[in-house]
Amino acid sequence: MQEKSKYIFITGGVLSSLGKGITAASIGTLLKASGLRVGVLKLDPYINVDPGTMSPLEHGEVFVTKDGAETDLDLGHYERFLDTSLTRANNFTTGQIYKSVIEKERKGEYLGKTIQVVPHIVNEIKERIKLAAEGKDILIVELGGTTGDIEGLPYLETFRQMKHELGRKNVMNIHVTLLPYIKAAGELKTKPTQHSVQELRRIGIAPHMLILRAEQPVPQEMKRKIAYYCDVEEENVIDAIDAPTIYQVPINFLRQNILEPIAEQLQLGNLQPKMDEWNSLVQKIINPADEVKIAFVGKYLDLKESYKSLTEALIHAGAHLDRRVKIEWVDSEKIEEEGAEKLLSGAEGILVAGGFGQRGVEGKIEAIRYAREEKIPFLGICLGMQLSIVEYARNVVGLEGANSMEFDEKSPYPVIYLIDEFIDASGSRQVRTTTSPLGGTMRLGEYRCDVKEGSNLAKAYDAHTIYERHRHRYEANPLYRERLEEAGMIVSGESDGLIEAVEVKEHPWFLGVQFHPEFTSRLQHPNPAILAFVEASLKQRG
């Protein structure tokens, strides 16, 4: 065990979306499998306080931590790879940094000094990095964006200063960069990487290791050329080529002996990661025995990243069942136009995901009706559960015009409504109305759920009490509970009087959950509700 934390700073060059998050998660996985206590931290240089109010098309999925922080989707990768739960301390933005510094300045904490990026902003970043490292042998810090971005400069300055403060043997800089393949020339090009490293060195950071993103393996002589031009050791130039699954990346890194230079730089001794179970699961993802078809009904289908945790959770379930989960994407607006049967008839399971706003809602309700009537295994998540109550109220209980107040404030039967007060994940009382600002007015984070004995939920989790994460504004209205139950709907999960899960009698497997089970799914430990849903879909085939 280390006496004090060591740090790996990961930066990106040439362009964004290179897979810095997967790189950070993969290195973390190998270090954790070697017996080290590993922490991860994502730094987001944008000025939003958090991604909670951003469109999924702008930012991809918003990942919710157990303590209710709305964070970057890379935190999802960290949790899934490292099989751990993170908190708001593991992700912060420039918006949070400036907000904190300005609040301190207003309170007079800087004793009348002129507030500047150096030292005040940099010191605030430094404090938060050190906070995330507490109790860890190694903290992996990933900086969003690209080297040279104006927003990222205060963070790079922080990394530069920390190298001096902590000593060279406690800090390692890893730079992820792109080797573009130019088709006309028929070769990979190294010049963008050279320029990116030059820019990093100009700022005062000399990378110890380069991770080269490429579509095909990088020849050894090219690695040698890059090592010479960028002044790094040849064995510290690692390629990260496109893999059939992201979970193979740690294995690909290990094959290139990535841990040797890391152990040498940070004086970690001989590292021997135990990766047998991981390897076995990866093999089942790449070469499964069979497949199962799941219709995924949603509306952000142009950007699959907005459902990242859910698609990954299906992969985890598939790996444990030795089946490929074949996702058939179904746009809920198309169901409105063409009908459920045409688009869903071949599915072995139907999943209706969460989302916000009116668009495509009637199509989702139609998909739920189809799954219920045709006895196809069904999982509804968040809005998917709320709409399963709307569908049941309309088509079984006979409450014509039943709806969620989110979509029809004048509905004669508001089976889903906006709760005025609730206790949040930290135990504080929250008040919200239709005019509350969007940021921070949702039920966010981990809540206890008491499970009804004998239900699908109880069988899936094999527990009386479970804890799952939330991200929503509206709740099931308890006024209609009795009528729904009399008509055959089962309330199988509750949290302090709030309805958390519903099922349908006389159905092979039907579950709607108010929480987001995908946020707690890991490669090594898939979420029980999602695993049970995929298993039920497999049985459907007979």
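**Charged pairs and the overall fold**

Leaving aside neighbours within four places in sequence, Glu312 touches Arg80, Ile246 and Tyr247, where contact means heavy atoms within 4.5 Å. Glu312 sits in helix H12 (residues 308-321); helices here are DSSP runs of H or I with at least four residues, strands are runs of E with at least two, and both are numbered from the N terminus. With a relative accessible area of 5%, Glu312 is buried. Buried stands for under 20% relative accessible area, exposed for over 50%, and partly exposed for anything in between (1.4 Å probe, protein chains only).

A word on where these values come from. The model is a predicted one, so to speak of a local feature takes pLDDT of at least 70 and side-chain atom pairs count only at pLDDT 80 or more, while totals for chains, interfaces and linings use all residues. Residues are numbered from 1 along each chain as its sequence is written, and side-chain values use heavy atoms, with hydrogens and water left out.

Zooming out, the protein has 19 helices and 25 strands. Its radius of gyration is 25 Å, close to the 24 Å that the globule rule gives for 542 residues, so the protein is as compact as a globular protein of that length. That radius is taken over C-alpha atoms, and the rule is 2.2 Å times the number of residues to the power 0.38. The C-alpha trace spans about 75 × 60 × 45 Å along its principal axes. Of the 542 residues, 57% are buried. Looking at contacts between residues at least 6 apart in sequence, 72% join residues at least 24 apart.

Next come the strands. Strand S21 (residues 465-472) is mostly covered, with six of its eight residues buried. Strand S20 (residues 443-451) pairs with S21 in the antiparallel sense over eight bridges; two strands pair if DSSP finds at least two bridges between them.

Side chains of opposite charge can pair when their charged atoms come close. A search of the whole structure turns up 37 salt bridges, each a side-chain nitrogen of Lys or Arg within 4 Å of a carboxyl oxygen of Asp or Glu. In one of them, Arg469 meets Glu79, with the closest N and O atoms 3.1 Å apart. This pair links distant parts of the chain, since Arg469 is in strand S21 and Glu79 in helix H3 (residues 74-82), 390 residues apart. Arg469 is buried at a relative accessible area of 1%, and Glu79 is buried at 0%.

Another salt bridge joins Arg394 and Glu362 (3.0 Å, N to O). Arg394 belongs to helix H16 (residues 383-397) and Glu362 to helix H15 (residues 361-373), so the pair ties together parts 32 residues apart in sequence. Glu362 counts as partly exposed, at 34% relative accessibility. Helix H15 also holds both Arg369 and Glu373, four residues apart, or about one turn of the helix, and their side chains form a salt bridge at 2.5 Å, N to O. Both ends are partly exposed: Arg369 at 21% and Glu373 at 41%. Elsewhere, salt bridges that share partners join Lys42, Asp44, Asp72, Asp74 and Glu142 into one network.
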